[in-house]
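This report describes a single protein chain, first as a whole and then at its annotated site. Please examine the sequence and the structure below before reading on.

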Amino acid sequence: TPEIRPLVAGNWKMNGTRSALPQIKAIAEGIEGPLGAKLDVLLCPPSTLLYVATALCDESPLLIGAQDCHQQVSGAHTGDVSAEMIADCFGTHVIVGHSERRKDHAETDHLVRAKAEAAHAAELTAIVCIGETGDERSAGQALDVLKRQLDGSLPDGLTAQNTVIAYEPVWAIGTGVTPTPDDVKAAHAFIRAELTSRFAEEGARTRILYGGSVNPRNAATLMAIDNVDGCLVGGASLKAEDFLAIYRVY
Ligand code: PEP
């Protein structure tokens with residue numbers, strides 16, 4: 001198996017005003033040093049803070065990304081943000097297909113794929129989120145759901161550079177509950193097999209993050225699982241101290 005550089009990513013969701021900028025600064029300063037050379041660290045604040053965040057992290061290895069983009073380049077889409085606008089703010093990544101967007105905004109796999117393609121066209125890395133609900137897991141359909149989401153949400157142009165997969169079981173997001181290490185291992189092995197079968201070498205090297213209630217206590221266990229190439233962190237990324245503690249498990 002190829003050596004994959006881990007990615008620790010934070011998703012602030014709809015949290016954070018200018019008063020949170022010292023937290024971003026603290027994260028940026030906290031990842032200076034030798035450990036920072038071993039992995040990538042990304043923070044996705046709300047889009048209102050994107051430009052000021054990248055300006056603040058100008059001299060830092062901390063990467064800044066967005067939480068969503070529109071599928072089209074520009075036009076009459078009131079309230080939406082294009083991939084090019086994110087790139088223009090020096091963002092490097094964009095999350096697409098987060099379960100909260102799939103639910104709150106009825107985003108389909110087809111739409112998520114179009115958003116990932118828009119991200120690629122703007123030279124952003126798309127972090128494509130997939131994951132089953134609690135009901136789907138109870139019904140024994142978890143892997144079927146992941147297959148359908150992978151098939152439907154990933155563009156043909158996927159490379160290990162332009163795409164990251166985030167496996168986020170919906171029932172584990174913001175609940176403090178995580179799957180067992182065996183369940184994480186099985187899901188990530190399944191995703192890896194699907195990626196390799198469709199995208200060959202690029203799929204073998206694509207990062208697969210785990211997300212859902214990652215915190216400083218459980219991160220070491222989760223990050224040690226086969227085919228877990230980092231994490232997507234919601235709640236615990238809001239405090240620099242907690243986010244840095246997760247980063248330090250590497
Ligand atoms: C997320 O929303 O991507 C997430 C993983 O949230 P939390 O860490 O709060 O469960």
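In this predicted model, 44% of the 250 residues of the protein chain count as buried. The chain is built from 10 helices and eight strands. Of the contacts with a separation of 6 or more, 73% join residues 24 or more positions apart. Along its principal axes, the C-alpha trace spans about 45 × 45 × 35 Å. A compact globule of 250 residues would have a radius of gyration near 18 Å, and the value for this chain, 17 Å, therefore agrees with that expectation.

Attention now turns to the annotated site. The unreviewed UniProt entry places the feature "active site" at H98 and E168. These positions span 71 residues in sequence, yet no two of their C-alpha atoms are more than 8.4 Å apart, so they gather at one spot.

The table gives the place of each residue.

| Residue | Location |
|---|---|
| H98 | loop between β4 (93-96) and α4 (99-104) |
| E168 | loop between β6 (163-167) and α8 (181-205) |

Are these residues buried or exposed? A residue is buried if 20 or more other C-beta atoms lie within 10 Å of its own. H98 has 27 C-beta neighbours inside 10 Å and therefore counts as buried. E168 is buried because 26 other C-beta atoms lie within 10 Å.

Terms used. Residues are numbered from 1 along each chain as its sequence is written. This is a predicted model: local features need pLDDT of at least 70, side-chain atom pairs count only at pLDDT 80 or more; totals for chains, interfaces and linings use all residues. UniProt positions are given in the numbering used here, feature names are shortened, and annotations may be inferred rather than shown by experiment. Helices (H or I, at least four residues) and strands (E, at least two) are DSSP runs, numbered from the N terminus. A residue is buried if 20 or more other C-beta atoms lie within 10 Å of its own, exposed if 12 or fewer, and partly exposed in between; C-beta atoms are placed from the backbone. The radius of gyration is taken over C-alpha atoms; the globule rule is 2.2 Å times the number of residues to the power 0.38. Two residues are in contact if their C-beta atoms, placed from the backbone, lie within 7 Å.
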